[in-house]
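User: I am new to protein structures. Could you show me how to read a bent helix?

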Amino acid sequence: MRMCGGAETLVLIGLSDRSSMRSSVRLCSIAMAAALAVLAGAATPAQAHAQAPGPVASLGPDFLWGVAASGFQTEGSAPDSNWTRYIARSGYEPYLNSVDSYHRFLEDIARAAALGVKVYRVSIEWARVQPRPDGWDEGAFLFYDALIGAITAAGMRPMLTLDHWVYPGWVSGDGGWQDDRMVQRWLTGMRRVVDRYANRNPLWVTINEPVAYIVQELNNTGVPGADRDRVFNAIADRMAQAHNGIYDYIHGVQPGAMVTSNVGFVAKADEQVNGPWVNRIRDRLDYVGVDYYFDAVADPRAVARSAAGSDTLQLWELPLASEGIYYALRRYQRIFPGKSLYVVENGMATENGLPRPDGYDRADYLRDVVYWLQRARMDGIPVIGYNYWSITDNYEWGSYTPRFGLYTVDVRSDPILLRRPTDAVGAYSEITRSGGVPGNYLPTRPPAGCSQIDPPSSCDDPITLPGV
């Protein structure tokens with residue numbers, strides 16, 4: 001699949017214009033899905049589906065409830081990196097010091113432990129540990145030693161992301177992923193990280209949402225439309241070499257390791273968007289990491305306009321469908337039969353913490369999603385874990401306006417960066433104690449009869465609620 005370039009996705013070319021870079025990079029994937037949906041045509045009529053079960057079963061004591069964060073988005077005290085350089089030359093909101101988890105990680109870890117979760121996902125920032133091509137920062141490693149040590153001391157398992165879209169400024173100056181030297185440089189850095197932390201028995205994520213990462217690289221570096229297909233594929237090949245190389249290395253250092261690269265599921269067009277990437281790495285995945293956020297967009301033209309920088313559709317305006325997590329997991333179960341699945345990221349956006357236009361609140365959405373996780377497990381889909389994105393609000397790749405946190409933080413106006421609990425804190429605590437929602441729970445929003453989340457499957461073989 002050719003991404004953000006080529007005749008089928010010309011609507012996205014405008015994203016390289018600096019005036020439109022305030023929009024989240026996630027919109028690019030949404031717009032690609034919309035453009036592809038126009039090409040795909042109408043869905044087939046829904047067929048009969050077996051009646052849903054009555055009470056839902058608990059996910060049990062072994063299910064891995066978790067929370068997630070990324071280094072650059074939360075740490076503050078940011079060293080020179082591709083992202084500090086993007087911010088300096090773009091229309092992005094100033095980074096400030098994010099939520100300063102560099103100094104406040106202990107309190108965030110304590111909040112996660114109080115939720116009853118078992119997994120805490122973070123990223124090890126290459127830009128911090130190797131600020132120069134010829135030098136490593138032992139102080140930075142000591143910070144991550146303390147961070148990971150605190151996670152394990154609190155009774156949680158670390159999930160370590162090696163690359164969450166950020167790399168050192170000196171690498172950026174040489175072209176980043178567009179440079180042929182990137183794979184070897186990346187592997188050198190990541191082997192150092194693996195050597196240091198493999199004995200902590202983490203779950204590993206090699207590269208976060210690679211397709212969205214590549215699109216972000218094309219946009220932030222201003223790759224012209226005529227070159228986007230070629231550059232996209234070259235970067236995808238390099239990232240696949242990096243993933244495959246570090247996968248083998250991790251298994252040499254940590255026998256029995258669990259390694260993935262999480263895909264950002266794109267409703268209505270996941271095969272076209274993520275299929276080529278998955279095929280590049282399919283033989284080197286110990287579990288399948290899936291990120292799910294948004295429903296298929298009803299009006300593709302509106303998203304295309306948004307991607308071009310007008311009639312902006314914001315993250316908190318994008319439609320939600322809690323049942324979509326079931327369809328996303330079912331899709332990857334069919335691609336990787338018998339392989340464990342893990343929801344590495346899921347959450348909902350609000351505008352500066354204000355109520356959403358659709359009236360969905362964070363606690364109800366979380367409970368609805370968990371209901372569909374329980375239904376998935378009951379239907380034989382081997383989902384083993386779920387991370388809520390994110391433990392706190394953060395710098396959402398260009399803006400502090402979209403809020404995803406279980407704990408909200410007013411970075412712009414609150415000098416003490418107070419963490420204030422949302423309604424989802426209590427809801428998640430109840431979920432982790434009980435292994436899910438109560439058996440008689442029903443989602444607050446019924447599933448669509450002919451869903452476009454994973455067509456034709458989600459329309460031909462729809463999921464239903466009891467009695468429907």
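**Reading helix 4**

Analyst: Start where the helix stops.

User: How many residues does helix 4 have, and how far apart are its end C-alpha atoms?

Analyst: Compare the span with that of a straight helix. Helix 4 covers residues 101-115, which is 15 residues. At 1.5 Å a residue, a straight helix would reach 21 Å, but the end C-alpha atoms here are only 18 Å apart.

User: Where is the kink in helix 4 centred?

Analyst: The kink is centred on glutamate 107 and amounts to about 35°.

User: Which residues of helix 4 are buried, and what covers them?

Analyst: Buried here means under 20% relative accessible area. In helix 4 the buried residues are Ser101, Arg104, Phe105, Asp108, Ile109, Ala112 and Leu115. Their cover includes two strands, strand 1 (64-68) and strand 2 (119-123). Helix 2 (71-75), helix 6 (138-153) and helix 15 (423-434) also contribute to it. Across the chain, 61% of the 468 residues are buried.

User: Where does pLDDT stay under 50?

Analyst: Where pLDDT is low, the predicted coordinates should not be read in detail. In this chain pLDDT stays under 50 over residues 1-50 and again over residues 300-311. The model still has contacts beyond four places in sequence there: 124 for residues 1-50 and 23 for residues 300-311. The chain has a mean pLDDT of 88, with 86% of its residues at 70 or more.

Note on methods. Residues are numbered from 1 along each chain as its sequence is written. This is a predicted model: local features need pLDDT of at least 70, side-chain atom pairs count only at pLDDT 80 or more; totals for chains, interfaces and linings use all residues. Side-chain values use heavy atoms; hydrogens and water are left out. Helices (H or I, at least four residues) and strands (E, at least two) are DSSP runs, numbered from the N terminus. The expected span of a helix is 1.5 Å times one less than its number of residues. The bend at a residue is the angle between axes fitted to the seven residues ending there and the seven starting there. Buried means under 20% relative accessible area, exposed over 50%, partly exposed in between (1.4 Å probe, protein chains only). Contact means heavy atoms within 4.5 Å. pLDDT is the predictor's confidence in each residue, from 0 to 100.
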